[in-house]
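Here is a short report on a ligand and the space around it. Look at the sequence and the structure first.

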Amino acid sequence: MKDTSKHQGLRNQLATVLKAKGIIDENVLNAIRKIPRHFFIDSSFESHAYQDKAFPIAAEQTISMPYTVAFQSQTLEVKAGDKVLEIGTGSGYQTAVLLELKAEVYSIERQRELFKRTSLFLPKIGYKPKRFIFGDGYIGLKEQEPFDKIIVTAGAPFVPKPLLSQLKIGGRLLIPVGDKTQIMTLFIRKSATEFEKEELGDFAFVPMLEERN
Ligand code: SAH
């Protein structure tokens, strides 16, 4: 795997495209400028890596489109040292962005193949989450609660209760909710029992599935 000045140039262009689409958080844009996205997809499709589109990875899953990753990262308002739970490790690209934002990341993936592959690959290129978990995002990660931020990167048919309850007061859960397309939904925990809810537009994700395989 090689990262060249040509790749760097393409990444700078991608950041400019994302800026035009409304991404204003410079830390997020810097992460996009820095992370070699072409390492995350099959090398024969390298030319697609810096276009703003989703792309197939292993196990019938996709790497989310850069805009979606940037939008979710910006909306989460990640601060250095935040404890973040990510549901849907996938290729690990979103994980890398969270790590560039200096979050402490716990990432759950339900597909064994992707879990194995990404938990080997990411540390190899210098990205080390606190933990990779092979498990079910619907139940979250009780033993590590509460989290400052929770991000779901698969389309959820409903909002799993455990994710709301594993949030700190003041914490944010960002989750795309719906079947065919999803509404990006932000929950901010106001107290033990109150959540503020905001809907942030339509997105398209692969479905969040319940059983592990
Ligand atoms: N952030 C990833 C997105 C991958 S697509 C990337 O940009 O590469 C969504 C991922 O969520 C897939 O890898 C899928 O296997 C995973 N997933 C689906 N349902 C899940 C569940 N219940 N728990 C954890 N991960 C799940």
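## The shell around the ligand

The shell around the ligand holds ten nonpolar, twelve polar and three charged residues. Here Ala, Val, Leu, Ile, Met, Phe, Trp, Tyr, Cys and Pro count as nonpolar, Asp, Glu, Lys and Arg as charged, and the others, Gly among them, as polar. This is a predicted model: local features need pLDDT of at least 70, side-chain atom pairs count only at pLDDT 80 or more, and totals for chains, interfaces and linings use all residues. Residues are numbered from 1 along each chain as its sequence is written, and side-chain values use heavy atoms, with hydrogens and water left out.

In total, 25 residues surround the ligand, each with a heavy atom within 4 Å of it. T62, S91, E109, G137 and L209 are the closest.

## Contacts with nitrogen

Polar contacts are pairs of N or O atoms within 3.5 Å. A backbone N or O atom of L209 lies 2.6 Å from a ligand nitrogen atom. For D136, a polar side-chain atom lies 3.1 Å from a nitrogen atom of the ligand. G88 places a backbone N or O atom 3.4 Å from a ligand nitrogen.

## The cavity

The ligand takes up the space of the largest cavity. A cavity is a set of points, on a 1 Å grid over the protein atoms alone, where a 1.4 Å probe fits but cannot get out; lining residues have an atom within 4 Å of a point. A molecule sits in one if more than half of its atoms lie within 2 Å of its grid points.

The lining of the largest cavity has 31 residues. G88, T89, E109, T153 and A154 lie nearest its centre.

Conventions
On a 1 Å grid over the protein atoms alone, a cavity is a set of points where a 1.4 Å probe fits but cannot get out, and a pocket is an open set with protein on both sides within 12 Å along at least five of seven lines; lining residues have an atom within 4 Å of a point. A polar contact is a pair of N or O atoms within 3.5 Å; within protein, one must be able to donate a hydrogen and the other to accept it, and residues adjacent in sequence count only if both atoms are side-chain atoms.
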